[in-house]
Amino acid sequence: MASALSDRLSRIVKEMRGQARITESNVTDMLREVRMALLEADVALPVVRDFIARVKEKALGQDVVGSLTPGQVLVSVVNRELAATMGDGVSDINLAAQPPAVILMAGLQGAGKTTTTAKLAKHLIEKRKKKVLTVSGDVYRPAAIEQLKTVTAQAGAEWFPSSPDQKPLDIARAALDYAKKHYVDVLLVDTAGRLAIDEALMREIQELHGALNPVETLFVVDAMQGQDAVNTAKAFKDALPLTGIILTKMDGDSRGGAALSVRQVTGAPIKFAGVSEKIDGLEVFDAERHAGRILGMGDIVALVEQVTAGVDMAAAQKLAAKVKSGGDFDLNDFLDQLRQMKQMGGLSSLMDKLPGNLAAKASEADLSRAEKDIKRKEGIICSMTPKERSKPDLIKATRKRRIAAGAGVHVQEVNRLLKEFEQMQGMMKKMKGGGLMKMMKRMGG
Ligand code: GDP
């Protein structure tokens, strides 16, 4: 299946070579393939629909840079959107609570709750240096309590005894009380598994939630569940204010589409991935890597990202040759540079690589302003005649007024642009003799 999927996407990538833009007419076929790829990765249908609509909106009108095909650019947009949807930078466990911080584990039976509880205990002990206590509220399966005892010992955490003749709520209260008295930092509460969504059990976990006031309510879900993960996730989300997701069994051969579905349905961040049955088989969830897994084409995506993120080397070489042969850096070249910056998508990576005074340290807000700024400058240069662009010295007061009116800006802005151009021109002169290519390479990262 994996290879069929890659073939499908490779075909998208090869198709429609030579088209300069992603348009309404060429995007439809490509998106059909992406849709199939996502369904094959077991992403739930409504989630796929939503996702495709978002990708379409983002992809339309995207320029196709350098030697890329529209297909490659689309795959890159899909990949970025997948990663952005699944990841939001929140990865570790939130422990910002009056100790003991309580973590409630929720999920279907067999999802991997008990195993993950112990994995998490180990993580918190080793990485966060916490004193951890576990307790099982699963009074329906005596084996579950014993299982937690065993794996807790493996994790090197403390285990609070419970038994099938107790009420889950009493167990939880007793464990919390013990944790407070013994200066436990984190109390991990494993709960009864459900084979399917069961109202009585849902009510029980809601009660536990109410009594424990957990700082994290983690939904544990089996990545192999595929399409079914959506319904489970929805039921748990409706019952509990979930704060995070742990996807288990990522070492299995699923394509991991459940990640996208569950993330979308619950709105909660995916914090960890279970990658083996062993106690240390827990990893911080990596949205980008997972996007590659869903698309099944890590290499192509990486390549495309590299090209789109880099400077258009062909244009850079042309400019370098021109400057080297003594040609003047004119406003046409300046415009090319502006356009390249725009094509590189996000300016942030570029900004701190730019030399000299252009590299003014920028915040995120500055960057979006910078992007608008580029558009305005482009507008100003486009209001100039070809002659003015190649001989900027011609541009005096009257022409400035005309250009400003044409671009819908104040004359001061035209002045500012010309000044910046002169600075750039000065820099280019200094770089005669090979320095420019080096600078371009640096900018391309
Ligand atoms: P619970 O019913 O939700 O408590 O689930 P368990 O913790 O008992 O796990 C069910 C089964 O899944 C066990 O055989 C675990 O060893 C296995 N399991 C849990 N997490 C993972 C994982 O990340 N990878 C693999 N391969 N197996 C896992």
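Residues are numbered from 1 along each chain as its sequence is written. Because the model is predicted, local features need pLDDT of at least 70 and side-chain atom pairs count only at pLDDT 80 or more, while totals for chains, interfaces and linings use all residues.

Q: Is strand β6 largely enclosed or exposed, and why?
A: Strands (E, at least two residues) and helices (H or I, at least four) are DSSP runs, numbered from the N terminus. A residue is buried if 20 or more other C-beta atoms lie within 10 Å of its own, exposed if 12 or fewer, and partly exposed in between, with C-beta atoms placed from the backbone. Five of the five residues of β6 (residues 244–248) are buried, so the strand is largely enclosed by the rest of the structure.

Q: Which residues of β6 point the opposite way from Gly-244, Ile-246 and Thr-248?
A: Gly-244, Ile-246 and Thr-248 point one way, and all are buried. Pointing the other way, and also buried, are Ile-245 and Leu-247.

Q: Which residue of β6 is the bridge partner of Val-221?
A: Two strands pair if DSSP finds at least two bridges between them. Strand β5 (residues 216–222) runs parallel to β6, joined by five bridges. In β6, the partner of Val-221 is Leu-247.

Q: Which residue of β7 is the bridge partner of Ile-245?
A: Three bridges join β6 to the parallel strand β7 (residues 270–274). In β7, the partner of Ile-245 is Ile-270.
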